[in-house]
Structures are given as C-alpha cells and as structure tokens.
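These are my notebook entries on a protein chain that I looked up residue by residue. I set down what I checked and what I found.

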Amino acid sequence: MDKLILTVALNGGVPTKEMNPQVPVTPEEIAEDAVRCCRAGASIAHVHARDAEGKPTLDPEIFARIHELITERTDMIVQISTGARAGRDTADRAEPVRRIRPEMASLTTGSMNFPDEVYENSFEVIEALATAMKEAGTKPEMEIFEPGMIENALMLVGKGLATPPLHFDFVMGSRGSQPATPRNLIFLSGSIPPDATWTVAALARWQLPMAILAIPMGGHVRVGLEDNLYYRRGELAGNEQLVSRIARIAAEAERPLATPDEAREILSLKPREPE
Ligand code: ZN
C-alpha cells in the first residue's frame with residue numbers, strides 16, 4: 001500500500017474569521033498555516049484566494065503570491081482551486097493555472113447543487129479547464145461530488161485532455177452531493193481505473209470518520225477548515241490540529257505519511273526542478 005498523502009484544504013471560499021478565527025485569509029496567513037501543516041505531515045496544500053475584504057477571488061496575482069510564499073518556505077505540492085465560488089467566468093477560473101503552472105489544480109467534472117447555489121460545470125467548462133491544466137503541465141485532482149462525475153473525468157482521457165494515472169477526490173457529505181457513508185466510499189473507490197489514486201474529503205462531522213476509513217483502504221485523506229471548522233462538537237479547530245490528528249491515527253494504523261516528494265512519486269508528478 002502506498003504511503004498516505006495528507007492534503008490540507010486550508011481556507012476554501014466560504015469560511016470566514018467570524019465562523020472560525022483560525023481560518024487563514026491573507027496569502028501570508030495561508031503560507032504560515034501551510035508551513036505548520038507541512039511540519040505536521042501534510043504534503044499537499046489546497047488553496048483558495050481571498051481579496052482584501054476576505055471574499056473569494058480568482059485574482060491570479062493573489063494566487064501567485066500564495067503559491068510563491070508556500071513554495072519558498074516548504075516543498076509542499078500546491079494545489080490551486082478552480083472552483084466557481086469566486087467567479088463563474090471560465091477563462092478567469094483557468095487564468096491562475098495558466099499564469100502559475102502549479103503542480104496540481106482542482107477540477108470538478110460535473111454540475112451539482114451547493115446548499116446555496118447551483119455549481120455549474122458544463123462539458124464545455126470542464127474541457128476548457130482541463131485544457132488549461134494540460135497546457136500548464138498541471139495535474140488535475142478530479143473533484144467527484146456524484147458518481148457520474150467519474151465517467152466525465154474518464155471522458156477527458158478519451159479526448160486527450162487528461163493523462164492517466166488520474167487522481168480523484170471524493171467529496172462527501174455536503175448537501176447536494178453523495179452522502180458520506182462507508183458503502184459509498186467503497187463503491188466510489190471501486191469505480192475508478194486500477195491505476196488511479198484517490199483521496200476522500202468529507203464535510204463537517206463526516207471528515208474524521210471517513211478519513212479514518214480511507215487509511216486501511218489505501219486511499220488518501222484531505223482535512224482542513226475548508227471542509228470542516230470543528231475539532232469535535234462545539235470546539236473550533238485549526239488546520240494544524242486537524243492534520244496532526246490524522247497523522248497520529250495513521251501512525252497507529254501503521255500507514256506511514258508520504259513526504260511531498262513521495263507524494264509526487266505516488267501521484268506521478270514530475271520531480272521538482274532544482275532552483
Ligand atoms: Zn477548495
């Protein structure tokens with residue numbers, strides 16, 4: 001079984017400091033938190049950008065600053081969000097990828113309902129984002145909110161817009177997406193190509209149990225304040241705290257954590273070019 005790749009989803013587009021004062025918002029705060037999470041065992045930093053007011057933005061300059069600060073201070077894989085929370089224009093969503101050429105970016109391969117809005121990703125949008133990633137040499141993490149999105153990701157391979165082995169992230173337990181149940185995780189992880197890798201990102205109270213389940217299944221784990229603001233019921237969490245808890249559980253389960261370079265190997269990313 002591969003070593004465990006821990007992704008920290010540091011901030012997302014929705015959580016605010018009013019909801020949890022530990023949510024990192026500025027590029028400096030995001031990088032600072034990434035450094036702590038890297039020390040605690042995370043090898044991928046999944047990031048969203050925020051403007052001066054703390055609202056989600058697709059501003060490539062802000063993404064570039066976050067990317068620069070994290071890669072200067074850690075050897076983590078930086079995974080940029082191409083989600084539509086910060087804006088629906090497809091070219092704008094692709095621009096940070098084109099500009100920064102990050103090692104990874106998120107790619108949601110279908111449409112669904114968020115609790116407060118429709119998250120629209122037509123085939124045209126998906127293919128445009130996949131094309132930008134292909135041209136940038138960026139590996140997509142296929143964000144799977146519904147089983148049909150797996151098939152849509154495989155269609156990208158058929159069209160030459162994504163290169164196997166694919167990496168999937170099963171997003172579970174958000175209203176409008178697949179429920180976070182063991183049966184669903186077994187079904188989803190059994191529905192991807194044998195050479196593909198997968199991570200589970202379950203929301204809120206589901207984050208911990210689904211993460212624990214993924215460890216002996218050979219999956220990888222995403223935790224962080226984007227998906228879950230609490231350490232336990234009634235107690236707000238910090239990103240480092242959420243990462244450390246999974247690191248401890250994985251150690252007890254004798255599933256060693258992957259370093260960023262080991263994660264690159266597991267995910268078939270190109271080795272980092274020497275500075
Ligand atoms: Zn995200």
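**Entry 1: Pro-115.** I looked up Pro-115 and found it in the loop between β7 (112–113) and β8 (118–119). I note that the model is a predicted one. The relative accessible area of Pro-115 is 47%, so I recorded this residue as partly exposed. I then searched for its contacts, leaving aside neighbours within four places in sequence, and found Ser-174 and Arg-175. I also took a distance from Pro-115 to Val-243: the two are 128 residues apart in sequence, and their C-alpha atoms are 26 Å apart in space.

**Entry 2: the whole protein.** I turned to the overall picture. The secondary structure comes to nine helices and 14 strands. The radius of gyration is 17 Å, close to the 19 Å that the globule rule gives for 275 residues, so I could note that the protein is as compact as a globular protein of that length. Along the principal axes, the C-alpha atoms fill a box of roughly 45 × 45 × 45 Å. Of the 275 residues, 54% are buried. I also looked at contacts with a separation of 6 or more, and 72% of them are between residues 24 or more positions apart.

**Entry 3: the zinc ion.** Which residues hold the protein donors of the zinc ion? I found His-46 and His-48, each through NE2, and Glu-226, listed with two OE donors. The angles among the four donor atoms run from 55 to 134°, and the site is irregular. For a tetrahedral site all angles would have to lie between 85 and 135 degrees. In sequence, the spacing of the donor residues is H-x1-H-x177-E. The pair of His-48 and Glu-226 links distant parts of the chain, 178 residues apart. His-48 sits in the loop between β2 (44–47) and β3 (49–50), while Glu-226 sits in the loop between β12 (220–223) and β13 (230–232). I compared their accessibility with the cut-off of 20%, under which a residue is buried. His-48 is buried, with a relative accessible area of 11%. Glu-226 has 22% and is therefore partly exposed.

**Entry 4: helix α6.** I examined helix α6, residues 182–189, and listed its buried residues as Leu-185, Leu-188 and Ser-189. Seen down the axis of α6, these fall within an arc of 90°, which means that they line one face of the helix. Arg-183 and Ile-186, on the other side of α6, are exposed. I asked what covers the buried residues of α6; the cover includes β9 (139–144), α5 (148–158), β10 (167–172), β11 (197–202) and α7 (207–217).

Entry 5: In soluble globular proteins, nonpolar side chains tend to be buried together.

**Entry 6: Ser-43.** Is Ser-43 buried or exposed? Its relative accessible area is 0%, so Ser-43 is buried. This residue lies in the loop between α1 (27–40) and β2. Setting aside neighbours within four places in sequence, I found contacts of Ser-43 that include Ile-5, Leu-6, Met-76, Ala-258 and Ala-263.

**Entry 7: Gly-218.** I located Gly-218 in the loop between α7 and β12. With a relative accessible area of 22%, Gly-218 is partly exposed. Not counting residues up to four places away in sequence, Gly-218 touches Met-1 and Arg-255.

**Entry 8: backbone details.** I closed with the backbone. Pro-164 and Pro-165 are joined by a cis peptide bond, with omega about 0°, and Pro-165 lies in the loop between α5 and β10. Ala-204 has a positive phi of about 50° although it is not a glycine. I placed Ala-204 in the loop between β11 and α7, and at 38% relative accessibility Ala-204 counts as partly exposed. Glu-254 is not a glycine either, and its phi is near 60°, a positive value. Glu-254 belongs to the loop between α8 (239–252) and α9 (260–266), and at 71% relative accessibility Glu-254 is exposed.

Terms used
Residues numbered from 1 in each chain as written. Predicted model: local features only at pLDDT ≥ 70, side-chain atom pairs only at ≥ 80, totals over all residues. Heavy atoms only, no water. Donors = N, O, S within 2.8 Å, 3.2 Å for Na, K, Ca; no water. Tetrahedral: all angles 85-135°; square planar, octahedral: opposite > 155°, others 65-115°. Helix = DSSP H or I, 4+ residues; strand = E, 2+ residues; numbered from the N terminus. Buried < 20%, exposed > 50% of the residue type's maximum accessible area, 1.4 Å probe, protein only. Arc of directions from axis to C-beta. Contact = heavy atoms within 4.5 Å. Rg over C-alpha atoms; globule rule 2.2 N^0.38 Å.
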